Amino acid sequence: MDKVLSFHQGRLPLLISMPHAGLGLTDAVRDGLVDQARSLPDTDWHIPRLYDFARDLGASVVAAEYSRFVIDLNRPDDDKPLYVGATTGLYPATLFDGKPLFKEALEPSGEQRQQYLEQIWRPYHNTVRTELERLHDQFGYALLWDAHSIRSLIPHLFDGKLPDFNLGTFNGASCDLQLAERLQRVCGEFADYTHVLNGRFKGGYITRHYGNPTKHIHAVQLELAQSTYMEEVEPFTYREDLAQPTQVALRRLLEATLQWARERYGR
């Protein structure tokens, strides 16, 4: 495999994970995709650019290089479903609109998919786990922010338009309740955006697996409506005029997360 992830180690007890930002494809996946999928429409577009302030803030950042069409890093390695109803798995078979992802009989083989698991999925999760352990050892706690985005309208997956900021804490299991409440208050400061906690998106595998407030590891997923920073139709153009105020809100959320932790742990 080529480079499967990018990683920057920061100076603060915060790791930002970007598992669906990758655009890379293996030959087997590229050759098998239906025409509608070749533009990679279900990507968390431009997330590294949207969070480009995070390094200056002092956060560690890990981002996928391969597309979720190859393997979904926010699903468990045993591919057990995380959500009730329409969803996608470890090896996606459909687009978000429910249509097949691959041409008939052109899906990657079982052997190829095992390779993706070992050479893409495991290195990403090893990086997340190792960095959280390092942060916990250094600070006595660790904060994980799982950064996602999605089209604001996907009728196959949910009814109506999504809120702009969709916070997920696995119904309170992945982070301290007071942190979740703090983040909701911050969202409320930005009247131009709508928000919800544990609505349609409660947090995927990364949030659920690594978040453990009893061990002082607090994980939050943010599923951001793409209408807040880009054009949601091909060619999926980044909109600086939309993105700049959204970045202000994102930075405020991350700063509030760090401030809560300093108050909670005294460091």
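This report walks through a predicted model, starting with its sheet and ending with a few individual residues.

**The sheet**

Let us begin with the strands. Seven of them form an open sheet with mixed pairing, and their order is β1-β3-β2-β4-β7-β5-β6. Going from one strand to the next, the twist averages 15°. Which strands stand at the edges? They are β1 (5-8) and β6 (195-197), and each has a single partner strand, so one side of each is left without a neighbour in the sheet.

| Strand pair | Sense | Bridges |
|---|---|---|
| β2 and β3 (residues 60-64) | parallel | four |
| β2 and β4 | parallel | four |
| β5 (residues 165-168) and β6 | parallel | three |

Ile16 stands opposite Val61 in β3, while Ser17 stands opposite Asp146 in β4. Over at β6, His195 is the bridge partner of Phe165.

**Strand β2 from the inside**

How many residues of β2 are buried? Five of the five are, so this strand is largely enclosed by the rest of the structure. In a regular strand, side chains alternate between the two faces of the sheet. In β2, Leu14, Ile16 and Met18 point one way, whereas Leu15 and Ser17 point the other way. Both sets are buried.

**A closer look at Ser17**

Ser17 belongs to strand β2, which covers residues 14-18. Is Ser17 buried or exposed? Its relative accessible area is 0%, and because buried means under 20%, Ser17 counts as buried.

Leaving aside residues up to four places away in sequence, Ser17 touches Val62, Tyr124, Leu144, Trp145, Asp146, Ala147 and Ile206.

**His125 in helix α4**

Next comes a residue from a helix. His125 lies in α4, which spans residues 110-139. With a relative accessibility of 2%, His125 is buried. What lies 2.8 Å from a polar atom of the His125 side chain? It is the backbone oxygen of Leu73. Not counting residues up to four places away in sequence, His125 touches Leu73, Tyr205, Ile206 and Tyr210. Ile206 is also among the residues that Ser17 touches.

Finally, follow helix α5 (residues 177-188). This helix lies across β4 (142-150), β5, β6 and β7 (217-225), and runs at about 170° to β6.

Helix α5 also meets another helix. Two packed helices are described by the angle between their axes and the distance between the axes. For α5 and α7 (residues 240-265), the axes come within 10 Å and cross at roughly 145°. This crossing is right-handed. On the α5 side, the residues are Gln178, Leu179, Arg182, Leu183, Val186 and Cys187. They meet Arg252, Leu253, Ala256, Thr257, Gln259, Trp260 and Glu263 in α7. Sorted by class, the contact has seven nonpolar, three polar and three charged residues.

Note on methods. Residues numbered from 1 in each chain as written. Predicted model: local features only at pLDDT ≥ 70, side-chain atom pairs only at ≥ 80, totals over all residues. Heavy atoms only, no water. Helix = DSSP H or I, 4+ residues; strand = E, 2+ residues; numbered from the N terminus. Buried < 20%, exposed > 50% of the residue type's maximum accessible area, 1.4 Å probe, protein only. Contact = heavy atoms within 4.5 Å. Pairing = 2+ DSSP bridges. Axes fitted to C-alpha atoms, helices over the stretch in contact; angles between N-to-C directions. Left-handed = near helix turned anticlockwise from the far one by under 90°. Nonpolar A, V, L, I, M, F, W, Y, C, P; charged D, E, K, R; others polar. Polar contact = N/O pair within 3.5 Å; in protein donor to acceptor, adjacent residues only side chain to side chain.
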